[in-house]
Amino acid sequence: MTVRQSATPEGGYRMERLARCLTGRVALDVEARDWEEAVRLAGEVLEKAGDIEPAYTEAMIRTVREIGPYIVVTPGVALPHARPEDGVLRAAIGLVRLARPVSFGSEVNDPVDLVFPFGTPDRDQHIEVLAALSRLLSDPGRVAALRRAATEEDILAVLRGAPLAPAGS
């Protein structure tokens, strides 16, 4: 996959910071039977990086069970998270791209193929992560590029403003 260079996009600082946070926390084309397994696998990405305790992953699942699929914020995208006291060790975000989309029960935004688990130790960082993700998810070109990226490096390049060349280029 070829990455084309481009000028730094608006919000470049946030995207660069998001790229740094995602480094080492990306899993592509992951098989999941259902939303619960998708969230569990996404939590494991942050657990392996030492960012959260296993209890946090269970709390993310429990939250969706109790509150519903509010974490499915836009078509095909879920942002699982829980409370800091459930086991956040440090601010973190990951990305799991599913091999096949799964239903979370969202009437409007299912099925989901991009899962961004995150955890923050305080409200300010929670808002900062959501703002960065909001900027990312509001750019259809970047979201499409995340869906066709071949490697973690491609994902990080997209966040840093180097859009992936269209398929077949």
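1. The largest nonpolar core has 27 residues, and Ala38, Val96, Leu98, Phe104 and Val115 touch the most other members. A nonpolar core is a set of buried Ala, Val, Leu, Ile, Met, Phe, Trp, Tyr and Cys residues joined through side-chain atoms within 4.5 Å. Buried means under 20% relative accessible area, with a 1.4 Å probe and protein chains only. At least two residues of this core come from each of β1 (26-30), α2 (35-48), α3 (54-67), β5 (95-102) and β6 (112-115). Helix α2 gives the most, 6 residues. Helices (H or I, at least four residues) and strands (E, at least two) are DSSP runs, numbered from the N terminus.

2. This is a predicted model, where local features need pLDDT of at least 70, side-chain atom pairs count only at pLDDT 80 or more, and totals for chains, interfaces and linings use all residues. Residues are numbered from 1 along each chain as its sequence is written, and side-chain values use heavy atoms, leaving out hydrogens and water.

3. Look at Leu98. Beyond its neighbours within four places in sequence, Leu98 is in contact (heavy atoms within 4.5 Å) with Asp29, Val30, Ala32, Ala38, Val112, Asp113 and Val115.

4. Now the helix pair. Arg142, Ala145 and Leu146 in α5 meet Ile155, Val158 and Leu159 in α6.

5. Over residues 1-10 pLDDT stays under 50. For that stretch the model has 27 contacts beyond four places in sequence.

Terms used
Buried means under 20% relative accessible area, exposed over 50%, partly exposed in between (1.4 Å probe, protein chains only). pLDDT is the predictor's confidence in each residue, from 0 to 100.
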